[in-house]
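Please read these points beside the sequence and the 3D view.

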Amino acid sequence: MDYKDMKFKMWQGCDRGLGKCACGRQDRQLNTYDWLADVPGNNDDTDLVEVQFKNTRKGYYHNVNNLDLKKGDIVAVEASPGHDIGVVTLTGRLVKLQIKKANIRSADDIKRIYRIAKQVDMDKYYEAKAREHATMIESRQIAKGLGLQMKIGDVEYQGDGTKAIFYYIADERVDFRQLIKDLAAAFHVRIEMKQIGARQEAGRIGGTGPCGRELCCATWMKNFSSVNTGAARIQDISLNPTKLAGMCAKLKCCLNYEVDNYMEASRRLPPKDAVLQTLDNDYFLFKSDILAGLVTYSTAKGVAANLEIITTRRAHDIIEMNKRGEKPLSLQEDGKQRQPEKPIDLLADTDISRFDKAKKKKKKNKNRQGSNAQGGDNRPSSNATKQANGNNRQGGNNRQGNRRRPNNPQGAARQNHED
């Protein structure tokens with residue numbers, strides 16, 4: 001192949017490398033990374049096209065009219081009855097792998113693509129989509145009136161508005177034959193009921209997970225695998241239901257992502273019940289860092305005392321030495337004894353006198369001192385001053401007593417009697 005005449009363009013952002021439209025911004029849910037998009041002849045290999053509809057619903061169709069389709073084109077596809085409107089999300093050889101992954105075996109499940117959507121098709125499509133929310137609210141009221149133990153989580157109208165799909169959640173089997181009749185009479189469309197689980201409902205509604213990213217079930221996950229608490233135990237995660245549950249109130253799907261790595265790394269850990277014997281003490285396993293390959297030992301079982309962190313290789317070496325009847329000097333690699341940590345004196349380099357408050361001297365009034373100095377001969381003596389103050393206090397007390405006597409008539413009578 002001659003690459004001299006080919007024009008390449010370096011893409012930035014979500015488009016990386018030299019592949020044009022290979023990894024675009026995922027404006028549609030469950031997008032597939034088309035790493036063969038820029039390969040010549042990719043679309044000529046097969047006429048199969050992947051089309052996505054509202055939220056997580058996808059379909060696979062034959063491009064019988066040989067339309068020049070690319071990712072993002074809005075097309076009108078065959079439906080039963082009528083036609084539906086969707087967006088092309090994948091073309092070329094990878095569609096075969098997606099069909100195999102979706103476990104589609106019957107050729108009847110693969111319908112045809114009619115045409116690229118016209119303006120008339122888009123007008124009908126937007127008109128049908130505008131009725132979905134009101135239809136969902138009214139259908140919930142109808143189901144509640146019939147006393148059915150079910151929850152209608154979403155409603156999706158077909159592109160031509162002749163059919164509506166009702167997605168519901170129910171813990172038990174529900175007889176919705178009467179419900180279908182009431183819904184058909186209320187909305188005058190063909191009714192299709194589909195039962196989904198809590199995980200599928202979260203994928204259809206969407207949202208942001210505790211990791212700060214959009215939910216996996218709403219972006220790329222299509223097949224759900226069972227998740228149990230054993231995955232959390234293998235990864236040494238706290239069995240807290242509020243932290244292990246996702247937006248769907250089920251166990252997070254991401255608990256299965258790293259289980260294999262943790263299982264492989266945990267095989268290198270020493271046994272939990274192994275006691276490491278040294279000349280100075282016996283050590284018990286306190287905690288372990290699985291991915292880092294580090295283990296922490298304590299001199300007391302179940303209590304953090306004299307903690308020492310060593311590698312898993314060193315732990316296995318000490319276990320082998322104990323089996324031979326040998327005891328190392330310490331847990332350290334060099335065999336040296338661990339030096340006891342000295343207590344840290346926080347006031348070693350500080351001056352504690354900084355906490356003492358300095359006594360503030362009262363400043364004398366210079367003007368008052370000057371006036372006293374000029375009239376020093378006329379100042380009364382200290383004894384005379386004290387005597388005058390005492391007389392004033394005594395006089396004040398007498399005046400106070402005279403004022404209080406009229407308020408106490410009994411006291412006034414006794415005073416007059418004594419006089």
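1. Before the residues are discussed, some terms are needed: buried means under 20% relative accessible area, exposed means over 50%, and partly exposed lies in between, with a 1.4 Å probe and protein chains only. This is a predicted model, in which local features need pLDDT of at least 70 and side-chain atom pairs count only at pLDDT 80 or more, while totals for chains, interfaces and linings use all residues. Residues are numbered from 1 along each chain as its sequence is written, and side-chain values use heavy atoms, with hydrogens and water left out.

2. Side chains of opposite charge can pair when their charged atoms come close. In a salt bridge, a side-chain nitrogen of Lys or Arg lies within 4 Å of a carboxyl oxygen of Asp or Glu, and the structure holds 17 salt bridges.

3. One of these joins Glu50 to Lys58, with 3.3 Å from N to O. Glu50 is buried, at 0% relative accessibility, and Lys58 is buried too, with a relative accessible area of 16%.

4. Arg177 pairs with Asp175 in a salt bridge whose closest N and O atoms are 2.9 Å apart. Here Arg177 is exposed at 61% relative accessible area, whereas Asp175 is partly exposed at 45%.

5. A salt bridge also links the side chains of Arg324 and Glu326, at 3.6 Å from N to O; Arg324 counts as exposed at 54% relative accessibility, and Glu326 as partly exposed at 38%.
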